[in-house]
Amino acid sequence: MIAHPDPGPQAGIGEWSPHEDFGRVFDAHFAEIHRYIARRLDAQTADDLAADTFLIAFRDRDRFDPARGGIRPWLYGIATNLLAGHRRNEVRRWKTLSRTEAADDQEGPEGPVTTRLAARQVTGRLAGALAGLAKRDRDVVLLLALGGLSHAEVAAALGIPYGTVASRLNRARRQLRKALGDANPLKEAHDG
Amino acid sequence: MDEISLLGRAVPDVPPPSSQVVARARDRLAAEERRPTGHRGSRRRPGWTWALACAAVTAVVAFAVVTMTGGLTAPSPIAPSPSTPPTSVLPAPSVKPPATYEGLPLLRSKTARSTATKVTLRFRPTSTRTAIVLRCSAPGSFVLASEPRKHVLSEARGICGPDGTRSRFDDKSHEPGWTSRTHTVTFWVFPPDAPIISPPDEYGCRKASCDGRYKLHTNTADALAARIGTRPQPWSVAVYDASR
């Protein structure tokens, strides 16, 4: 159903920096930051929060330290901090998605099972699990899943140790797996 | 395929931001670059150094006939300003402060129906997470905020917009002693075409006004307001503060 976002230009160490040309930072990453926020909340809120993200980044550009991570983790970290102010709305969104997809699941067609359809059928269960995750765990999971960040980049984005990312991820994975019935529906669908 | 990859595929996708959204965000950055007052470091001045950031909510209704919306009084048509195209009749962006802002509850707010007017807010913050948000129906409006403190008058200036309805002072609360006293802050908002010298040191004007244009200060605001008169361009100011 969903492809991972195009990571865009890798604006990391040794290339270009927000100190020099913030316009390039904006051009390269606005769409993906908007997409990340919109998938966690909604497009309308993303319009504002994505713009806020870049405004904050611009103001704090002097603090950007490429040695602590690239531009993408830096921007995703700011966006994730802004999302913290919308936690209730996000949880509400996951719960709504859980109910909607669950309803679709019950009315599902009986035609050939495709990967796309299988993914849709588990969306409700995953959304329900996301709603139940602690925010700190959800942030880790969604930075990986929606932002396409690596574990190290998530650590940089959230300003936490690498090991903490791993422990939060393990905890979240257990809950996601449990929501899926300790099985991988996609694999089951393919296997037939 | 693991849970994370599955999740990435399962969460519904969204369309990319429209060109208008991108343009508004870009304009906000451009406005920030033009902003005369700084945030910190060597750009920080003594006294009030509130930073002004601009946020865009709605651009297309910028020059529409303005009506009060969003639960103030009953909507009523208001005569267009002299620069308003006469044919457009669209609702103005609401300036009503929402109950929360970025997760912070509303502490205090006031709404004015016209520009070239001032409001004064008294508030006692309980945290250093205080956001003061101005919402202007006329994009590009000039904002002056001031607070008298003992022998010092602290001031900050900025633009409300440029293309939308909200500007934000948000780093003042990081100053020492922010929560230890009640603040009495006066806000002026002037229309975008007010004869204001911006930035104040432009043109090398050494007086309060030059060639009929005013520097935006507390001591010139009354004279400027008297000269241009009020216009039906609603605006609001709201203080948001983290709960104890």
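Me: In what order do the four strands of the open sheet in chain B stand, and how is their pairing described?

Reply: The order is S4-S9-S6-S7, and the pairing is antiparallel. A strand here is a DSSP run of E, at least two residues long, and a helix is a run of H or I with at least four, both numbered from the N terminus. Two strands pair if DSSP finds at least two bridges between them.

Me: Why do S4(B) and S7(B) count as standing at the edges?

Reply: Strand S4 (117-123) and strand S7 (152-160) of chain B each have a single partner strand, so one side of each has no neighbour in the sheet. On average, neighbouring strands here are turned by 20° against each other, direction ignored. Please keep in mind that this is a predicted model: local features need pLDDT of at least 70, side-chain atom pairs count only at pLDDT 80 or more, and totals for chains, interfaces and linings use all residues. Residues are numbered from 1 along each chain as its sequence is written, while chains are lettered from A and ligands numbered from 1 in the order in which they are written.

Me: How many bridges make S6(B) and S9(B) a pair?

Reply: Strand S6 (residues 141-149) and strand S9 (residues 183-190) of chain B share five bridges in the antiparallel sense, and the definition asks for at least two. Within that pair, Leu144(B) stands opposite Trp188(B). Helix H3 (residues 218-228) of chain B packs on the sheet and touches S4, S6, S7 and S9 of chain B.

Me: How do you know that the span of helix H2 of chain A fits its number of residues?

Reply: The expected span is 1.5 Å times one less than the number of residues. For the 17 residues of H2(A) (residues 43-59) that should be 24 Å, and the end C-alpha atoms are 24 Å apart, which agrees.

Me: Why is Phe26(A) called buried?

Reply: A residue is buried if 20 or more other C-beta atoms lie within 10 Å of its own, exposed if 12 or fewer, and partly exposed in between, with C-beta atoms placed from the backbone. Phe26(A) has 21 such neighbours, so it counts as buried. Phe26(A) lies in helix H1 of chain A.

Me: What does Phe26(A) touch beyond residues up to four places away in sequence?

Reply: Phe26(A) touches Phe54(A), Arg26(B) and Leu29(B); contact calls for C-beta atoms within 7 Å. The C-alpha atoms of Phe26(A) and Phe54(A) are separated by 7.0 Å, although the two are 28 residues apart along the chain. Phe54(A) is among the buried residues of H2(A).

Me: What makes a group of residues a nonpolar core, and how many does the largest one have?

Reply: Its members are buried Ala, Val, Leu, Ile, Met, Phe, Trp, Tyr and Cys residues joined through C-beta atoms within 7 Å. The largest has 54 residues, and Phe54(A) and Val154(A) are among those with the most contacts inside it. Helix H3 (residues 71-83) of chain A gives the most to this core, with eight residues.

Me: Which element gives the largest share of the side of chain A that touches chain B?

Reply: In total, 38 residues of chain A are in contact with 28 of chain B. H2(A) gives the largest share of the chain A side, 10 residues.

Methods:
Axes are lines fitted to C-alpha atoms, for helices over the stretch in contact, and angles run from 0 to 180 degrees between N-to-C directions. Two residues are in contact if their C-beta atoms, placed from the backbone, lie within 7 Å.
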